[in-house]
Amino acid sequence: MMRGLWDRETVALFLLLALMPLALTWLWFGGTQAALQLVLALVVSGLWHMIFMLARAQPPSFAGAITALAVAMLAPEDLGLIRLILGISFGTVMGELVFGGWGRNVVNPATVTLAFLGFGFPTAPWPDFVLPVAWGAIPAAAIGAVTGVMSARLLTGAGLVTLLAMALGADLDRVLPAAGIVLVLLVADPVASASTALGRWLNGALYAALVVMFTLEWQGAAPLQAAVSAALLASLAAPVLDEAAIALWLARRKGRHGRT
Amino acid sequence: MLGGRLGTGLHVATGAQPRGGGEPVRRMTEEAAVFCRPEGDLRVDDVTPEDTLVAQGAPVARLREHPDIALVAPMAGRVARVVLRPGRRLAEIVLFREAGGDRHRHDVGGSAATEAGVRRLMQSAGLWPRLQRRPFGRLPPSDERPAAIVAMAADTRPMAPDPRMALRGREEDLARGLSALAGLTDGPVLLCQQAGPSLVENGLADGRVMIVTTGPRHPQGLAGLRIHDLCPAGIDAPVWEVHAEDAADLGALLVTGLLPETRLVSVAGAAMNETLLLRCQPGADMRGLSHGHVRPGPHVLMAGSPLDGREARWLGPRERQVTVNPQARAASRHWFQSALTRSSTQVPVIPTAALEQSVGGAFPAAAMIRALASGDDETAMKLGVLSLLEDDLALTDYVIGGAPRLSTLLRRMLDRIETEYAA
């Protein structure tokens with residue numbers, strides 16, 4: 001039998017490839033500090049993948065590296081080693097591995113880590129990004145959409161709602177870089193986002209709408225904090241959006257054929 | 001929606017295009033067989049004994065449950081070997097060709113005019129096994145009236161022969177065959193063809209024969225996805241599928257009483273020196289078809305396309321494609337690599353654009369795969385699983401790298417639904 005390309009690990013590798021522009025610019029501007037943080041996240045995440053492989057015969061996935069990258073980039077600063085290790089362990093294990101590994105999880109493990117750290121240690125400051133790093137999100141989204149590992153519908157949906165909000169006069173300049181980075185790192189994850197066509201449009205639109213709402217109404221929130229919270233809520237809502245899209249599809253089909 | 005236009009179908013590169021404009025060559029193999037796959041269950045009676053001379057189109061066996069339905073000799077020849085499994089279940093009836101043999105003339109006698117006449121003729125002349133019934137993909141019962149009949153004059157599987165070429169010069173036969181098929185159903189007869197001039201006049205048989213245009217890319221020309229889209233099959237609403245060439249054979253049979261001898265078949269694959277377009281008998285010996293054109297070295301013969309083919313010796317009653325691939329050697333794997341890649345449970349499928357395109361955007365692919373993998377029959381039926389058969393998910397299996405094998409999961413689910421709901 002012939003075999004095609006798009007098994008789980010290929011998708012993970014293409015996702016990693018898509019995120020490279022973002023990761024490399026971030027490493028370039030972040031220097032040694034960023035590199036060390038990334039190595040730490042990689043080691044902790046890899047360790048848990050190994051443990052689950054040995055204990056539960058669960059094959060490790062390159063998706064662990066995506067999680068590590070997202071955590072290293074987005075985690076609050078000045079947490080100290082122990083808290084960071086605790087956060088990554090919690091996110092990787094409770095967000096992904098206990099469900100059976102990447103592909104069966106409900107929420108992106110990096111989102112779980114960041115929500116855990118953000119809500120657990122609210123005094124820690126959220127990192128800021130220099131503008132060139134944020135520009136890196138655009139080629140990342142482009143590569144992801146062209147290879148099909150990120151949903152073009154989701155990305156477009158988010159973009160359209162953002163444009164609409166800006167056209168209506170919302171001042172989003174401060175939050176846009178962080179929101180863009182979170183969009184490609186966390187929201188566009190094919191597993192944790194919606195999987196139907198309509199659901200993906202709604203998923204992207206919902207994320208952008210939440211970002212806009214948090215920016216305008218949430219006093220004192222850091223841009224990244226608003227974006228991560230929006231990502232968490234949007235990915236929790238993804239199954240509902242899928243359900244709605246499928247229900248609509250079934251209703252249309254029933255109207256056309258009288259049966260499903 | 002734009003996404004619907006862009007997001008359907010893939011090109012799968014699988015080998016050389018036919019040489020020399022691809023005019024088909026007539027090649028009858030020395031051996032041919034009437035057979036039943038091991039997983040099939042065909043009990044037969046009245047089997048012609050070994051060493052009997054039979055004419056082309058003459059019955060060689062009858063089904064025990066439906067004695068009207070005959071299996072006929074694909075060519076004039078001598079019955080060489082009859083293999084029956086316990087319970088008179090058919091394994092194979094092998095024939096050796098006899099040069100200058102006869103053709104069996106079926107009694108037409110005005111049968112084109114009545115539904116019963118068409119049914120009787122199709123059943124006695126061996127055209128019935130060329131029908132496929134959805135749901136479940138079995139032979140239709142002899143007295144069933146389907147909700148619709150879909151005739152496929154499009155085939156987008158990689159290296160499949162072009163049905164338009166098979167039907168060249170046979171437009172009248174096709175129109176007559178489709179009109180006759182319209183008598184067997186109260187619903188529409190849909191002729192799926194690719195863009196281009198219409199194969200038959202739209203609206204034959206009081207407007208019940210309709211032409212549907214399908215896209216040029218795989219899987220847009222798969223019968224299952226077309227049925228899913230146009231007239232979904234249900235437990236109480238069976239849909240029959242027939243190849244347009246077989247419909248044209250019916251048209252010819254109605255006039256002459258002779259079953260056409262050959263069909264257009266392509267022989268292709270990575271182990272072939274060139275792609276062949278042949279006209280051969282049904283049930284042809286695939287070794288005979290590929291002989292002399294295979295590259296040196298071990299190879300496997302598969303009936304069907306590179307995506308959905310299965311290893312076999314004979315071409316089936318509905319198959320029009322032979323794939324010859326080099327034999328893959330089983331690689332020995334290091335235990336650590338197995339630990340890294342193989343799991344106790346099956347690796348999940350990631351919903352990407354490739355997955356969506358592999359089902360042509362016909363249904364929510366991720367939801368369907370989840371229902372298949374978890375054995376959720378009800379959700380799968382809502383999503384239209386009853387219109388599908390293994391072939392329709394072959395491209396998806398290819399795209400996601402074959403783990404888990406969705407066609408296996410689908411067959412298991414269909415069998416379960418058949419015993420639970422349709423008993």
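Start by selecting residues 129–147 of chain A: in this predicted model, the stretch is 84% helix and 0% strand, with its end C-alpha atoms 27 Å apart.

Next, jump to residues 12–29 of chain A. This span is 100% helix and 0% strand, and its end C-alpha atoms lie 25 Å apart.

Now move over to chain B and select residues 115–258. An unreviewed UniProt entry annotates this range as "domain: NqrA second alpha/beta". The span is 35% helix and 18% strand, and 19 Å separates its end C-alpha atoms.

Within that selection, pick out helix 2 of chain B, residues 115–124. Which of its residues are buried? Show side chains for Gly117(B), Val118(B), Arg119(B), Leu121(B), Met122(B) and Gln123(B). Then step just past the end of helix 2 to Gly126(B), where phi is positive, at about 80 degrees.

For the last stop, center on Arg170(B), in the loop between helix 3 (163–166) and helix 4 of chain B. Is this arginine, Arg170(B), buried or exposed? Arg170(B) counts as buried because its relative accessibility is 13%, and the cut-off for buried is under 20%. Leaving aside residues up to four places away in sequence, display its contacts: Glu245(B), Ala248(B), Asp249(B), Ala252(B), Pro260(B) and Arg279(B).

Definitions and conventions
Residues are numbered from 1 along each chain as its sequence is written. Chains are lettered from A and ligands numbered from 1 in the order in which they are written. This is a predicted model: local features need pLDDT of at least 70, side-chain atom pairs count only at pLDDT 80 or more; totals for chains, interfaces and linings use all residues. Side-chain values use heavy atoms; hydrogens and water are left out. Buried means under 20% relative accessible area, exposed over 50%, partly exposed in between (1.4 Å probe, protein chains only). Helices (H or I, at least four residues) and strands (E, at least two) are DSSP runs, numbered from the N terminus. Contact means heavy atoms within 4.5 Å. UniProt positions are given in the numbering used here, feature names are shortened, and annotations may be inferred rather than shown by experiment.
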